[in-house]
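Open the structure in your viewer and keep the selection tool ready. Each stop below says what to select and what is there.

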Amino acid sequence: MSTPAPTFLSGIQPSGRPHLGNYFGAIRQHVDSLEEPGEHLFFIADYHALTTVKDADTLRNNVRDLAATYFALGMDPERAMFFRQSDVPEVTEIAWLLATVTGMGLLERAHSYKDKVANGIKPSVGLFTYPILMAADILAYDSTIVPVGKDQVQHVEMTQDMATHFNSRHGEVFTRPEARLPERSDMAKVPGLDGQKMSKSYGNDLWVFEEGKALKKAIGRIPTDSREPSEPKDPSEIQLFDFLALLLEDQELQEWKDRVEAGGEGAPGYGHLKVRLAEAFDDHFGPARARYKELMADPAELDRVLLRGAEKARERAVAVRDRALQACGLR
Ligand code: TYM
């Protein structure tokens, strides 16, 4: 028997401008997955973003910004269902059903919740039950592969647990998904400008479409020390190389590392590395940045594309929701 084609699904919160971590950990994987057979669903997690974004206009703008960013970076809404989470309200119903089979202990173990609270985000009930809504997102479409960065793997594992608990109580309703990480571990967990994980909530992120002076300033924040260029250095101790590794071809990266390691007359200083990093960033994101600006000039079209994606996605979610309601005796 042939195995059925996979269903890819993932989401990103519109909680600020998408950064290098979102790109390498998620967006790029999502765009690349379009080359694989199967169905593809990607969405903007605006219900989730309500746990941190409190202003309505900001949230609406962030949604359009994220849609334009995705399309500029290669997401094709003709090949994927690309939509806004809140246009498929069935996920909130499924979330309730899952909440009834989810132990407090499971949620209490969530790293992401603990991190957010430690970083000063007010611990609302919504923030605490966030993984249940995420599980509903995944299970609502019978997804099988969830491409995410490392920080979301625990949430996908929690989703597996919730599906198992629900199915063992009510029968085989939900499909158990698997997380998929980028192959390179430095892309699965991109460091921030200060060396911790890059995150909007840590304020150490670099927007993918940053340019000009703001880009130079951000790159300027990457910590260095006061050693002279001529002093031989171990490249693995230099944080700038973490970023160069994401953007340069292997051969060029190796040449820079060799020169830094050798030291001596003509060895590059941190300033040189920063200039090269800004150039490589521009080369990588410049063309998409131009498309992004064009797309942002027509917000009504962005809204239309999102709604079209939601119509198709919703049909699937309604079928799964009905199956789940039936199984627990609510229909
Ligand atoms: P969010 O919005 O925090 O992040 C979106 C995606 O970006 C990845 N990511 C990173 N990857 C590598 N290095 C980093 N520094 C980095 N920072 C973020 C995340 O792993 C994620 O893949 N709960 C989710 C949104 C969501 C979702 C879902 C995801 C809601 N429902 C269903 C998958 C399936 C979140 O907050 O992601």
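Start with the ligand, which sits in the largest pocket. A molecule sits in a pocket if more than half of its atoms lie within 2 Å of the pocket's grid points. A pocket is an open set of points, on a 1 Å grid over the protein atoms alone, where a 1.4 Å probe fits and protein lies on both sides within 12 Å along at least five of seven lines. This is a predicted model, in which local features need pLDDT of at least 70 and side-chain atom pairs pLDDT 80 or more, while totals for chains, interfaces and linings use all residues. Residues are numbered from 1 along each chain as its sequence is written, and side-chain values use heavy atoms, without hydrogens and water.

Next, select the shell around the ligand: 28 residues, each with a heavy atom within 4 Å of it. The closest are Gln13, Tyr130, Asp137, Asp151 and Val190. By type, the shell holds 14 nonpolar residues (Ala, Val, Leu, Ile, Met, Phe, Trp, Tyr, Cys and Pro), 4 charged (Asp, Glu, Lys and Arg) and 10 polar (the others, Gly among them).

A polar side-chain atom of Asp151 is 2.4 Å from an oxygen atom of the ligand, and one of Asn22 is 3.1 Å from an oxygen atom of the ligand. At Val190, a polar backbone atom lies 2.8 Å from a nitrogen atom of the ligand. The ligand alone exposes 720 Å², and the protein buries 96% of that (Shrake-Rupley method, 1.4 Å probe).

Colour β1 (7–12), α1 (20–33), α8 (130–139) and α10 (185–188), the elements that each give two or more residues to the shell. Helices (H or I, at least four residues) and strands (E, at least two) are DSSP runs, numbered from the N terminus.

Stay with α8. How many of its residues are buried? The count is 10 of 10, so α8 is largely enclosed by the rest of the structure. Buried means under 20% relative accessible area, with a 1.4 Å probe and protein chains only. Tyr130 and Asp137 are among these buried residues.

Follow the chain to Asp142, in the loop between α8 and β4 (145–147). Its phi is near 55 degrees, a positive value in a residue other than glycine. Most residues other than glycine have a negative phi.

Finish at Asp303 in helix α15 (residues 299–328). Asp303 is buried, at 19% relative accessible area. Its side chain makes a polar contact of 3.0 Å with that of Arg64, that is, a pair of N or O atoms within 3.5 Å, one able to donate a hydrogen and the other to accept it; residues adjacent in sequence count only if both atoms are side-chain atoms.

Technical notes:
On a 1 Å grid over the protein atoms alone, a cavity is a set of points where a 1.4 Å probe fits but cannot get out, and a pocket is an open set with protein on both sides within 12 Å along at least five of seven lines; lining residues have an atom within 4 Å of a point. Buried means under 20% relative accessible area, exposed over 50%, partly exposed in between (1.4 Å probe, protein chains only).
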